[in-house]
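Today I opened a new model and kept notes as I went. Here is what I looked up, starting with a pair of helices and ending with the cores.

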Amino acid sequence: MSEDRQDFVAGVDGCKAGWIAVLRNLADPEDIALKVFVTFADILQHKPSLSIIAVDMPIGLPDAIGPGGRGPEKAARRHLGDRQSSVFQVPARPAVYEEDYRLACEAAMRTSEPPKKVSKQCFYLFPKMRDIDAVMTPELEERVFEVHPELAFWRLNGEQAMSLPKKVKSRANAEGLDQRRGLLTAHGLPQDFLDQKPPRGCGRDDLLDAAANSLIAERISKGKAEPFPKDYRRDDRGLRMAIWA
């Protein structure tokens, strides 16, 4: 990737290996790269500096959760139809910092009204959520934005949810992934780039999600993205709670 340009953005998705990122130079469409980072702090320190980082992971964790849950999930789900199950309910910060599932559920029950446990799928994301939460500040919000791939695909698909699931019974659904690949190529991303073998510890779905997130990063950079919900709130550390698309 060229070092002499400054208009770099990244679409980022969590994966078993850490974080998979599609790095794009908006000044040169052919300058696109795929890279895996161990920690989120590594992404922040990447050279050349990334002007926008669009990451699929909750940012901003309330100390308590009310009946409506964290606002971004509720706002995103209403647009996704059959794909809304991909947006997990995020618990309060005390639960996210528990490393044992039973203790996490207990903390979530104590800090939610009505009391609600943690889904196993969301619990498995806690290490990544803590990784971001450890470094995130209100000042970083100029560069770092929470996104969600299915809301990204909804936006890129003319504000229509994707008709095919990405996974069926926790296994990759080739038809659904091909559908998403086709949409990404229609938005200018190279098919050979999207069809490359994912790095070790990453799946094809991770690569495509990161690519979709990179297109939302471009929208953010150009002032075309909007937050969900529009009237977003901030957590007790002053962090914005919004998914962008």
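I began with helix 7 (residues 149-156) and helix 10 (residues 204-221), whose axes come within 9 Å and cross at roughly 60 degrees. Axes here are lines fitted to C-alpha atoms, for helices over the stretch in contact, and angles run from 0 to 180 degrees between N-to-C directions. That makes helix 7 oblique to helix 10, since under 35 degrees is roughly parallel, over 145 roughly antiparallel, 65 to 115 roughly perpendicular and the rest oblique.

I noted that this is a predicted model, where local features need pLDDT of at least 70, side-chain atom pairs count only at pLDDT 80 or more, and totals for chains, interfaces and linings use all residues. Residues are numbered from 1 along each chain as its sequence is written, and side-chain values use heavy atoms, leaving out hydrogens and water.

Which residues of helix 7 meet helix 10? I found Pro 149, Ala 152, Phe 153, Arg 155 and Leu 156; among their partners in helix 10 are Leu 208, Ala 212 and Ile 216. Contact means heavy atoms within 4.5 Å.

Next I looked up the largest nonpolar core, which has 33 residues. Such a core is a set of buried Ala, Val, Leu, Ile, Met, Phe, Trp, Tyr and Cys residues joined through side-chain atoms within 4.5 Å, and buried means under 20% relative accessible area (1.4 Å probe, protein chains only). Trp 19, Phe 40, Val 55 and Val 144 have the most contacts inside this core. Helix 4 gives the most to this core, with four residues; helices are DSSP runs (H or I, at least four residues), numbered from the N terminus.

Leaving aside neighbours within four places in sequence, I saw Phe 40 in contact with residues including Trp 19, Ile 53 and Val 144.

Definitions and conventions: Buried < 20%, exposed > 50% of the residue type's maximum accessible area, 1.4 Å probe, protein only. Helix = DSSP H or I, 4+ residues; strand = E, 2+ residues; numbered from the N terminus.
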